[in-house]
Structures are given as C-alpha cells and as structure tokens.
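Hello,

Here is the structure I promised to pass on to you. Have a look at it first, and then read my notes below.

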Amino acid sequence: MNIGIVGLGLIGGSRAKSIKSRTGHAVYGVDTDRETMTLARLCGAVDGPLTEQTLQECQVVLLAVRPGAAVRWTREHAAMIPKTAILVDLCGVKRTVVRAIAPIAGEHGFAYIGGHPMAGRERGGFTCATDSLYVGASMILTPDKRTDMRLLETLKDLFLDVGFAGLTFSTPEEHDRIIAYTSQLAHVVSSAYVKSPEAQRRRGFSAGSFQDMTRVARLDEEMWTELFLDDADFLSQELDGLISRLEEYAKALKERDGETLRALLRDGREKKLAAGGC
C-alpha cells in the first residue's frame, strides 16, 4: 500500500518512521522545510516526495499539519486525491476540521475520516520523531454514517501495525469537549504555573511534581493558539471550572480552615482513584 503523509514534524515524522520500520508499505511525504525532507529521505522514513503523481498512487493520505493548513491542503489538492483513497487528518481538534474537509471530500468523491493520535512530546520537529511514539497509544477516529466499514478495517490494520493499542470512536463534538479537559487545559495550566517568579529560584527545591507540572509548558505557541481558539468554547468552560475549584482551596487556606481543606484534598484523591491510574 502507498501512504502519503503531509507534514513530517513530530506526528507525521513518527508516523512515517513507524510505518517504514514496522510494515512493508511505501511512504511518500511532503514538508515545507527542505532540511526535514532531506533528513526524511536520508534516514529512510520516506520512499520519496509526495508529488502530484505519487499522490494519485496513494491508498491512504495522512494530514499531519495544523488545522488551517490541513483544510488548505485538502482544498488545493482535492482534485488529485484518488476516489479510492482514504484521507485522514491527524489534527488536535475535530469540529472545525471535519466541517471544512467533509464537504470537499463529498464533492470530489474520496473517503475522509477525522482522526487524532493520542501521543506526543513536549518537543516537536522531525528530529524528535520516533518509530515508537505510538506504541500503546489510542487512535481516535470520528467516522459518520457515510463511512464504509471496510475502510475502517483498513485503517485499523494500519494503525495497529504501527503500535497503537486500539481505536477509539467518537464524534467531533465529543472529541473536542473531552480533549479540552484531557489535553488543552493541562497546557494552559502548565504555561500559567511556570510564570511564578519562584520558578526562577527553584533549583535545589524541585523534584518530580515540578517536572510533571511544567513539562508541557515548553509548547509551540503558534500551534497551540490555533488549537485553543478552535476549541475556545469547551476550553473556556473547563478553565472557568478549574478557576472556581481553585478558589475553594484558596478560601480554605486564607481562612485557615483545615476541615474544609482536608475535605477538598480527600475529594480530589477519591476522584483520582475513581478515574483510574496510579
């Protein structure tokens, strides 16, 4: 099978490397950065560039770029995508992307499914890409009533082959609502947390909890601004809720109310246990 990948940063580059190291499929890639294209060819992550000709030979095309860029690329290349191909975007938001790309796919007759791999690192770029990034991760897909089940089988085989633990099916609305909490809110909190003046004086006073809280503050502000704004309604709701809950802790501390503070901490511990995990 021939697979096209648009964007060879952390997500697309890791997808290319994992496909080449774990399957026999051919990979054709494209990236706006020339050095990235050279590195991808030299290390064997791609078999060649994704051109107008090789695009027409692909059975699967993966969009590993930001939401706006994914929509623009689809609009510009829709006429070249084979009607037998499956287009999957790997963007971190789904409503805006699916609303824009689904009609284009319908007009031009190729299959399209929204997707989001639940894997990543705080550093991006092809040099940080690895063929093990997706091992044990969940791959979210947002099929609709028009989706051919045989296409889902094709994608399932491909994603499991490169290391995903399984597929999670969702709607674009559900995806964006939950991801606002599980991913985006954590990035906002980490960014705000590390701005304390004490962060500059913490050497010798920090351990695992500091590292956990600040890891994702090293983010790509251009990409995350786009993701946050595309999901602003759900993310702002989560942020308002967090601020409200934090105010309960602040009030208990200011009033030296140990009973309330213990109750808040106990409730958090119990909710963590109920949610699962260590």
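**What I found**

The model, which is a predicted one, has an open sheet built from 8 strands, and their order is β3-β2-β1-β4-β5-β6-β7-β8, with mixed pairing. At the edges you will find β3 (48-49) and β8 (166-169), each of which pairs on one side only.

Let's start with β1 and β2. Strand β1 (residues 2-6) runs parallel to strand β2 (residues 26-30), and 5 bridges join the two. To find your place in this pair, look for I3, which stands opposite V27 in β2. Helix α1 (residues 10-22) packs on the sheet, where it touches β1, β2, β4 (60-63), β6 and β7 (138-142). The direction of α1 makes about 160 degrees with that of β1.

Now move along to β7 and β8. These strands also run parallel, and 4 bridges join them. Here S138 stands opposite G166 in β8. Together with helix α6 (residues 149-161), β7 and β8 make a right-handed β-α-β unit.

There is a pocket to explore too. The second largest pocket has a volume of about 260 Å³. Which residues lie nearest its centre? They are A105, F110, A111, Y112 and R146, out of 14 residues that line the second largest pocket. Both α5 (95-108) and β6 (111-117) supply at least two residues each to this lining. Sorted by class, the lining has 7 nonpolar, 4 charged and 3 polar residues.

Enjoy exploring, and write back with any questions!

Best wishes

Note on methods
Residues numbered from 1 in each chain as written. Predicted model: local features only at pLDDT ≥ 70, side-chain atom pairs only at ≥ 80, totals over all residues. Heavy atoms only, no water. 1 Å grid on protein atoms, 1.4 Å probe; cavity = no way out; pocket = protein on both sides within 12 Å on 5 of 7 lines; lining within 4 Å. Points joined across faces, edges and corners; volume = space filled by probe spheres on them. Nonpolar A, V, L, I, M, F, W, Y, C, P; charged D, E, K, R; others polar. Pairing = 2+ DSSP bridges. Contact = heavy atoms within 4.5 Å. Axes fitted to C-alpha atoms, helices over the stretch in contact; angles between N-to-C directions. Right-handed = clockwise from strand over helix to strand, strands pointing away.
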